[in-house]
Amino acid sequence: MTEIFSIDPLIIKTPYEIEYKHSYGKTTPFFTSLSKGKFMTTRCERCKVTFLPPRADCPYCLGETKWVEISGKGKIHTFSTLHYSGEKFLKDLPFQLVYVELEGVDTVFLTRLKTKHPEKVKVGMKIKLKVSRDLEWRSSDVWAEPDE
Amino acid sequence: MVAGGLTYFSKARKDKTQEELAAEAARMALFENDINLGKDDIDGTIVSYFSDHFENQLLFGSIIQDYLGFNPKPSVRIEGGGATGGLAIRDGYAHVASGLLDVAMVIGFEKMSEVNTAKGNEFIALASDTDWDFPIGGFYSGYYALMAKRHMEEFGTTEEQMAMVAVKNRNNAQHNRFAQTNPKMNPFAMKDAGPITVDDVLKSPYVATPLKRLDICLMSDGAAVAILASEEVAKKITDTPIWIEGTGAGTDFMRAGDRPRTVGGVPLLPHEKKEWYKKLEYPGVHSFRAGRESARQAYKQANITNPLKQLDVIELHDAYTSSEIQTYEDLGLTQYGKGGKLVEEGVTAIDGDLPVNPSGGLIGAMHAVGATGVMQAVEMFWQLQGVAGKFHGSDKTQVKGAERGLIHSHAGTGTYVTATIMAR
Ligand SMILES: [Zn+2]
């Protein structure tokens with residue numbers, strides 16, 4: 001039955017739900033290698049650029065990239081502590097977002113930082129990537145922790 | 001450009017549907033500007049709105065076209081995130097310059113209030129990469145906070161300087177009757193808004209460090225309409241047409257983290273020197289390469305070699321106080337790294353050398369996404385005609401003697417940016 005929010009002007013409530021069958025296409029190995037405890041991403045040998053997130057096709061030369069393993073170690077490029085978010089992540093607040101510079105990777109990678117000492121976080125701090133034991137097959141299966 | 005119209009902007013315009021808001025702005029454009037032009041003289045429309053999600057209605061452009069009574073004339077929908085309105089103005093210009101339309105109406109609108117604020121933020125975050133960036137905690141204020149923090153780290157920009165941007169724009173809005181933060185003049189305004197101080201900004205709660213509640217733009221319902229005409233028609237229908245002298249558009253990687261960090265890689269504007277940026281990694285996540293590219297093209301077309309001197313007024317996309325500072329640098333108003341100083345020195349204040357966002361911008365006036373870039377064109381049009389005071393209901397917003405201005409429209413973390421030069 002339609003729920004009415006207001007009479008004048010007439011405002012009704014209309015819910016909407018949907019399920020997608022979403023393909024990760026050729027970036028699938030990133031996710032499947034996580035279950036083996038490895039961080040895999042792609043590199044264009046022609047342009048000498050390693051991308052994370054992986055791209056099957058190099059945006060600079062439009063050639064195909066190759067899979068390479070990376071260590072998952074690096075440092076913080078920039079960070080923010082979130083006290084508010086979109087609806088989906090309100091339950092997680094507060095949490096920290098970071099861009100990290102990783103060994104062997106030319107892009108900076110957006111992930112969460114999990115630390116017991118958020119007040120000690122600073123740009124340049126050493127981190128390593130961690131993988132969730134219960135994979136949800138989302139980019140949030142990976143996060144950064146301080147590497148001390 | 002020959003006419004412009006706006007609605008009152010509000011957190012929630014429950015009194016009207018989207019198409020009724022568009023009609024409100026269209027009516028002002030057609031009947032409250034000093035032009036000899038009728039509704040039937042419009043040859044076609046460019047419809048500018050961002051999200052199909054806010055109303056769960058696809059093909060809204062068709063509803064607008066029929067509601068405003070323009071069938072069977074041509075119409076096209078333009079969408080490009082936060083830059084939707086700027087891209088629509090560019091498209092209107094292209095339609096007229098190519099001769100496809102003699103008179104084009106650009107209709108921008110958004111109604112963001114029909115979902116709750118957190119869901120609205122989630123919809124906006126769906127305009128980030130949903131495979132990689134959104135699942136991490138997708139929230140645009142978080143993305144811009146990361147960029148702002150890097151700008152502070154790289155250049156020493158401070159939270160006080162960011163607060164000064166908020167105060168400037170919010171307080172400018174107190175003289176603009178359309179502005180959402182102006183409860184004295186706008187019957188649909190936020191009742192608890194009004195003027196603010198640097199202290200208010202610094203004491204407002206953190207949303208995503210270093211950004212606080214008052215560093216962040218509004219979410220709005222409302223519409224804006226601009227009418228563009230060919231040179232020949234414009235000269236016939238008005239004594240005070242405003243000319244589009246140049247326009248540019250730039251783009252960058254959807255995920256800001258994928259952008260290059262090329263040492264000394266700044267594309268230079270005519271007045272800049274290579275040695276300024278020898279050591280700077282560019283664009284990284286601290287600067288908007290798309291903004292620089294849009295300015296470079298627009299300046300070239302409009303023969304602008306010293307923007308700070310040659311421009312009299314700017315309306316730019318202050319989604320965040322940090323992004324206004326970053327944009328000063330992209331537009332070459334000052335060197336990269338010195339944007340914070342520009343606001344500190346009062347250069348961009350309403351009585352400064354180059355006022356920025358006299359309307360109040362996205363922080364003080366509105367951000368009804370698809371309407372925003374069109375609102376900037378309308379504001380610039382009134383500024384250059386010298387009638388801003390008449391439309392705003394206060395002469396305090398009019399930049400005296402303004403002859404040439406720039407409007408700047410910007411989408412998600414700098415993915416699409418447009419810059420357009422308008423002149424008397
Ligand atoms: Zn390549």
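Buried residues, meaning those under 20% relative accessible area with a 1.4 Å probe and protein chains only, make up 43% of the 148 residues in chain A. In chain B, buried residues make up 65% of the 424 residues. This is a predicted model, in which local features need pLDDT of at least 70, side-chain atom pairs count only at pLDDT 80 or more, and totals for chains, interfaces and linings use all residues. Residues are numbered from 1 along each chain as its sequence is written, chains are lettered from A and ligands numbered from 1 in the order in which they are written, and side-chain values use heavy atoms, with hydrogens and water left out.

**Chain A**

One helix and ten strands are assigned in chain A; helices (H or I, at least four residues) and strands (E, at least two) are DSSP runs, numbered from the N terminus. Their order from the N terminus is β-β-α-β-β-β-β-β-β-β-β. The radius of gyration of chain A is 20 Å, whereas a compact globule of 148 residues would have one near 15 Å. That quantity is taken over C-alpha atoms, and the globule rule is 2.2 Å times the number of residues to the power 0.38.

Ala56(A) lies in the loop between strand E4 (49–51) and strand E5 (66–70) of chain A. Leaving aside residues up to four places away in sequence, Ala56(A) touches Lys26(A), Gly63(A), Glu64(A) and Thr65(A), where contact means heavy atoms within 4.5 Å.

**Chain B**

Chain B has 15 helices and 13 strands. Its radius of gyration is 20 Å, close to the 22 Å that the globule rule gives for 424 residues, so chain B is as compact as a globular protein of that length.

Helix H4 (residues 117–125) of chain B has seven of its nine residues buried, so it is largely enclosed by the rest of the structure. Those residues are Ala118(B), Gly120(B), Asn121(B), Glu122(B), Phe123(B), Ile124(B) and Ala125(B), and they pack against helix H5 (140–155) of chain B.

Helix H6 (residues 159–172) of chain B has 14 residues and reaches 20 Å from its first C-alpha to its last, close to the 20 Å expected; the expected span is 1.5 Å times one less than the number of residues. Ten of the 14 residues of H6(B) are buried, so this helix is largely enclosed by the rest of the structure. Among them are Met162(B), Val165(B), Val167(B), Lys168(B) and Arg170(B). Their cover includes helix H7 (198–203), strand E6 (211–212), helix H11 (321–330), helix H12 (339–344) and helix H13 (361–364) of chain B.

**Extent, contacts and charge**

| Chain | C-alpha span along principal axes |
|---|---|
| Chain A | about 65 × 40 × 30 Å |
| Chain B | about 55 × 45 × 40 Å |

Chain A exposes about 9,100 Å², with carbon and sulfur atoms supplying 52%; for chain B the accessible surface is about 14,400 Å², with 50% belonging to carbon and sulfur atoms. These areas come from the Shrake-Rupley method with a 1.4 Å probe.

Lys and Arg count as positive and Asp and Glu as negative, while His and the chain ends are not counted. Each charge is placed at NZ of Lys, CZ of Arg, CG of Asp or CD of Glu. The mean positions of the 24 positive and 20 negative charges of chain A are 7 Å apart. Chain B has 42 positive and 53 negative side chains, with the centres of the two sets 3 Å apart.

Key. Buried < 20%, exposed > 50% of the residue type's maximum accessible area, 1.4 Å probe, protein only.
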